[in-house]
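Here are a few exercises to work through with the model open. Try each task before you read its solution.

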Amino acid sequence: MINSVEKAAVLIEALPYLQRFSGNTVVIKYGGNAMINEELKKSVMQDIIFLKYAGIRPVVVHGGGPEITSMLKALGKESNFVSGLRVTDAETVDIAEMVLVGKINSEIVKYLNFLGAKAIGLSGKDADLIIAAKHLAKVRENGQVKEVDIGFVGDVLKLNTGILETLLDQGYIPVISPIGVGKDGATYNINADYVAGELAAALGAEKLALITDVEGIYRDYNDKNSFVSTLSLAEAQEMIKSGSIDGGMIPKVEACVKALAAGVAKTHIIDGRKPHSLLLEIFTTEGIGTEVVKYRRYIGG
């Protein structure tokens, strides 16, 4: 049982980080097991509200792939994937939008408001927040890379962040579904990691935090001793190129690279299976997970 002196020590450790980050924007990508497990969900919601009342401006971007898959199965629709991306026809993107906007987003907003925040849900269609372009999947065949049309899967073409700035200035926590609209009016489902990275860049965020289901980055995932606590932008790019970073970790690291290149001070890939991992990463010296920074010489929280 932690005693009063230990509690005070924890608060004192957080003080320089509170001083530094107060008034700054932090973009949080909420995903993984922390969206499913009720205790972890509560932990993340509490962390976000703590940030808000500590004077930080949190912006939440959420995923929802597993729930989309479950809904498609319930409706008898098979999911096909190319290079890890779901092939998304017109019916599938409608279902994805229903799950992301109608179910997951509204639940997050409800939870944050219940715990005392002022949260408001948005999709990329609101105020043309996310203008999207069709994403073509890259597939390697016979030693050559070709582009494949996988339907209504999008990339971020442009962000109109005015609505977010207005909401942040009014004390709201924006909660964003990664649904964008094309110039042709079509709906596109976009990888939430990429949306979070692009938003962190566009908002000039202090930090980008990506909550996931692994400890962080390994140089060799089969060797638990190869865990990397700090990675430079150049090292991250080289590990993607060499294949050391692959699969679902690629969009997370690419989101970090995008944010850092735009001036975001620090990015984090956090294990959401650990309670209060967001606070531990932001407000403690030791931190948790892998931080991706522009240069390794970066020092601070």
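**Exercise 1.** Work out whether asparagine 189 is buried or exposed, and find what it touches.

*Solution.* Start with the area: asparagine 189 has a relative accessible area of 16%. Buried means under 20%, exposed over 50% and partly exposed in between, with a 1.4 Å probe and protein chains only. So asparagine 189 counts as buried.

Strands here are DSSP runs of E with at least two residues, helices are H or I runs of at least four, and both are numbered from the N terminus.

Then list the contacts (heavy atoms within 4.5 Å). Skipping neighbours within four places in sequence, asparagine 189 meets Ile68, Val93, Ala96, Leu100, Phe152, Val153, Gly154, Pro178 and Ile179.

A word on the ground rules: this is a predicted model, where local features need pLDDT of at least 70, side-chain atom pairs need 80 or more, and totals for chains, interfaces and linings use all residues. Residues are numbered from 1 along each chain as its sequence is written, and side-chain values use heavy atoms, leaving out hydrogens and water.

**Exercise 2.** Check the radius of gyration of the protein chain against the globule rule.

*Solution.* Take the rule, 2.2 Å times the number of residues to the power 0.38, with the radius taken over C-alpha atoms. For 301 residues a compact globule would come out near 19 Å, and the protein chain has 19 Å, so the two agree.

**Exercise 3.** Sum up the fold of the protein chain in numbers.

*Solution.* Count nine helices and 16 strands. Then turn to burial: 50% of the 301 residues are buried. Finally, among contacts with a separation of 6 or more, 74% join residues 24 or more positions apart.
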